[in-house]
Amino acid sequence: MLVLFETPAGFALFKVLDEGKLSKVEDLWQDFASSDKARKVVELKAFNKFENTSDALSAATLLIDSKPSKGLRKFLQKHCDGETLAVADSKLGNAIKEKLKIDCLHNSAVMELMRGLRNQLTELMSGLAEHDLGPMSLGLSHSLSRYKLKFSPEKVDTMIIQAIGLLDDLDKELNTYAMRVREWYGWHFPELTKIVADNTHYAKAVKMMGNRVNAVNLDFSEILPEDVEAELKEAAVISMGTEVNDLDLSNIRELCDQVLALSEYRAQLYDYLKSRMNTIAPNLTALVGELVGARLIAHGGSLMNLAKQPGSTIQILGAEKALFRALKTKHATPKYGLIYHASLIGQAAPKHKGKISRSLAAKSALAIRYDALADGDDNSMGLESRIKLETRLRVLEGKELGRSAGSTKGKPKIEAYEKDRKGGGALITPAKTYNSAADLVLGQTTEETPKKSEVASKKRKHQEEEPTAEAAEEDGEQEKEKSKKKKKKSKDIEETPAAVTDASEKKKKKKSKEAEETPAADADGEKKKKKKKSDAEDAPMEVDVSAKKEKKKKKKHADE
């Protein structure tokens, strides 16, 4: 029997010398108490060394999935002909048996044997020291942990953060350089600014043309459309710009070279960012696009940090200043931040942008967590979520369309339900006609009245010619109400002067009583006035005049 044992340095095959001891599982640990006893039980038959760390990592990852590597298969085919192989993993044993036709064994005795081999490994294998085995185990474990956590160069989001930052800086620089080219060359050919709107096309045209006099003899078909080219040549002939020398034109052309080089590099950088986003966050890219997804990751710090955020935070990420200002001033908080630039929100109507941004943020949070923590690399989840959001947007727009059709529940009314109609065809029962015999006139018996049809016709004529009795009664009631209102008004007018006279009489009575009761008080007051200094006598007469005027004004206001 052979035993397959995995080490950080390679695969080892041990030959079991005494298979009878495997029957006594409980006493097997005693046979590995020392190196001498262990050598009596097993001995090393062959060893397959790993060439480098990547080879060891690939073999270890395959063993975790219970799959033999290519090197292990060759090693076992070479040394295991007609032998039974003891393995520590039953699934690995089944795979070896299917592919290599080697009988494999896995039980409790084999596991106890593996434990003993691990205890005396450095003694049983010559050339493998304990101080060498420790660093190898540590390095392999670290590599394996990185692989399990997907911490690989393909999953590093730092490159995305740097790329989106550089892309934004390039856009600013390109804008600055392009505006400088337009302003500089505008002194020589100012009409070209309105004719060519694109910055790169403008720089190419200036670089090719140089002096505007050369525009008539040049072919701009590779750069500009035919109509724009014709307009450019016409404007070059009648341009009002100033003349420039060759030295100025050479400097302007060098600046145009810088603009074109920056625009080409920006295009390359965008392609690089697009590929990295599709590799690291494919589901987020499918939902919001490459640029918006990259800005979200850069604002969050990393993909893992962004995965820890809820959907409400992702929704307003980038609008923190507006959020805190709204909380401070107690106004409405913002509905979206960086996510506003996603194509789904751009498609929505202004009144639906808030709802769609909330739904998109929730789906984006799920997509980010899937990208950061799941093992899959496809974007199926993101595409499914995008389809759901598009259907939700269509439903919201459809509701508004339904309401505009005239019904309250969002669906237009086509026709009313009729129980007598069978499947949209003919009626089951005949349509009812007007029964003139059922008409009656109030105040008359059926015997006294003539034929009911004649009475009904007379009644209609009477209604057309003269107003009904009910209408007359209503008119009489309205006239009575008007007469009552007039009487009330006349009474109020009569009562008001009487009330005024009563009030004046009461005031006179009060004054007479006060005059009778306080004669002594008046005498005392006069004495006090005499004792006082003659300040009032020295006062000017202007004060009295102004007081009289104020009294007259008050009386006028009171009379009015």
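Biologist: How much of the chain counts as buried?
Modeller: In this predicted model, 30% of the 560 residues count as buried. The chain exposes about 38700 Å², and carbon and sulfur atoms supply 53% of that area.

Biologist: How many helices and strands does the chain have?
Modeller: There are 25 helices and 5 strands.

Biologist: And what share of the contacts comes from residues 24 or more positions apart?
Modeller: Among contacts with a separation of 6 or more, such residues account for 62%.

Biologist: Salt bridges next. How many salt bridges are there?
Modeller: The count comes to 10. One of them joins the side chains of D168 and R295, at 2.7 Å from N to O. D168 is in helix α8 (residues 158–186) and R295 is in helix α14, so this pair ties together parts that are 127 residues apart in sequence.

Biologist: Are D168 and R295 buried, exposed or partly exposed?
Modeller: D168 is partly exposed, at 26% relative accessible area. R295 is partly exposed as well, at 29%.

Biologist: What does R212 pair with?
Modeller: R212 forms a salt bridge with E243, and their closest N and O atoms are 3.3 Å apart. R212 sits in the loop between α10 (199–209) and α11, and E243 in the loop between α11 and α12 (246–280), so the bridge ties together parts 31 residues apart in sequence. R212 is buried, with a relative accessible area of 8%, whereas E243 is exposed at 59%.

Biologist: What about R386 and E390, where do they sit?
Modeller: Both are in helix α20, 4 residues apart, so about one helical turn separates them. R386 counts as buried at 18% relative accessibility, while E390 is partly exposed at 26%.

Biologist: Now E290. Is it buried or exposed?
Modeller: E290 is buried, and it has no salt bridge. Its place is in helix α14 (residues 290–300).

Biologist: Why no salt bridge for E290?
Modeller: The nearest side chain of opposite charge, K274, is 4.6 Å away.

Biologist: What does E290 touch?
Modeller: Leaving out residues up to four places away in sequence, E290 touches Y270, K274, M277 and T285.

Biologist: Over to the surface. Which residues make the patch of negative charge?
Modeller: E226, D227, E231 and E234 gather there. E234 belongs to helix α11 (residues 226–237) and is exposed, at 56% relative accessible area.

Biologist: And which ones form the positive patch?
Modeller: That patch is formed by K335, K355, R358 and R392. R392 is found in helix α20 (residues 380–404) and counts as partly exposed, with 35% relative accessibility.

Biologist: Which residues make the nonpolar surface patch?
Modeller: V216, V237 and I238 make a nonpolar patch of about 310 Å². V237 lies in helix α11 and counts as exposed at 61% relative accessibility.

Biologist: Last one: how far apart are G134 and P8?
Modeller: In sequence, 126 residues; in space, 9.0 Å from C-alpha to C-alpha. G134 is in helix α7 (residues 130–148) and counts as partly exposed, at 38% relative accessibility.

Technical notes. Residues are numbered from 1 along each chain as its sequence is written. This is a predicted model: local features need pLDDT of at least 70, side-chain atom pairs count only at pLDDT 80 or more; totals for chains, interfaces and linings use all residues. Side-chain values use heavy atoms; hydrogens and water are left out. Helices (H or I, at least four residues) and strands (E, at least two) are DSSP runs, numbered from the N terminus. Buried means under 20% relative accessible area, exposed over 50%, partly exposed in between (1.4 Å probe, protein chains only). Lys and Arg count as positive and Asp and Glu as negative; His and the chain ends are not counted. A salt bridge is a side-chain nitrogen of Lys or Arg within 4 Å of a carboxyl oxygen of Asp or Glu. Contact means heavy atoms within 4.5 Å. Accessible areas come from the Shrake-Rupley method with a 1.4 Å probe; for residues, only the protein chains shown count as cover. Patches are made of residues with over 30% relative accessible area and no salt bridge: like charges are joined within 9 Å, nonpolar side chains (Val, Leu, Ile, Met, Phe, Trp, Tyr) within 5 Å. The place of a charge is taken as NZ of Lys, CZ of Arg, CG of Asp or CD of Glu.
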